[in-house]
Amino acid sequence: MESYLGKYAALLQGFAFNGYRPIFFDQATGATGELIVRHDVDFDVKLAHDMSLAEDALGVKATYFFLMRSDSYNPFSRANAEYIHSIHARGHRVSIHFDPTHYENVEQGFLEEKALFESYFGVPVTVMSVHRPNDFLKNCDAPLCGVEHTYQNKYFKDIKYVSDSQGLFRFGHPFETEEWKQTKAMHLLIHPLWWMYPNTKDNVDLLDRFVTERANRFQAHVAENCIPYRTRIPS
Ligand SMILES: [Zn+2]
């Protein structure tokens, strides 16, 4: 599992060698060596599942957040629901990646998604992550409807936050930060997509590869459900 950003295993091993230990959000105290590994799944559940297997091999547990209402994937499709169950069954945490822009009444929208997720996956939502947080939520330190979110000060401002958003460590690689040198607590946001395609040049090249792969998967799906289209699939 690697891309133009490097090897994902090497990133995790780097943290381990420096004395970091992965924890979940509700275990965070801000103490030295704490590492919260967070995954916002913006594009593809299978890639998230692949990432969780790589983490298992390294003994790392992470928290995965899934969109409920995305044009990128359906979390309740048969394959995706099995992937999410599998991630959870192997000891990772799963929850909602909430997009408040869908709703005029953000609280009501969140409660609907929470009820849906909890009833379908049988997992309580105790912390959630906001997709492209607007200013309201980014500056909001309070939980939403009693549920903590990843942009609260204790996770976002009081400890070092590092993200690979847009496929770049735009504010510096985590290993080059001052906090790293002192093994200070860190919150690491990793989007699985950016680490999944070897021999890619950059983020745009990687997205081209992803789009092609998804198109192939969709073509296979259409062929499976419409016999005449099977002539399109190379044998
Ligand atoms: Zn997102």
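What share of the contacts in the chain with a separation of 6 or more comes from residues 24 or more positions apart? The share is 67%, where two residues are in contact if their C-beta atoms, placed from the backbone, lie within 7 Å. Keep in mind that this is a predicted model: local features need pLDDT of at least 70, side-chain atom pairs count only at pLDDT 80 or more, and totals for chains, interfaces and linings use all residues. Residues are numbered from 1 along each chain as its sequence is written.

**The whole chain**
- You'll find 8 helices and 10 strands here; these are DSSP runs numbered from the N terminus, with helices being H or I of at least four residues and strands E of at least two.
- Along its principal axes, the C-alpha trace spans about 60 × 45 × 30 Å.
- Of the 235 residues, 31% are buried (buried means 20 or more other C-beta atoms within 10 Å of a residue's own, exposed means 12 or fewer, partly exposed is in between, and C-beta atoms are placed from the backbone).

**Helix H3**
- Tyr 83, Ile 84 and Ile 87 are buried in H3.
- They sit on the same side of H3 because they cover an arc of only 95° around the axis, going by the directions from the helix axis to the C-beta atoms.
- Over on the other side, Arg 78, Glu 82 and Ala 89 are exposed.
- The cover over the buried residues of H3 includes helix H2 (45–58) and strand S5 (63–67).
- After H3 comes Gly 91, with a positive phi near 100°.

**Around Ala 48**
- Leaving aside neighbours within four places in sequence, Ala 48 is in contact with His 39, Val 41, Tyr 64, Tyr 83, Ile 87 and Pro 192.
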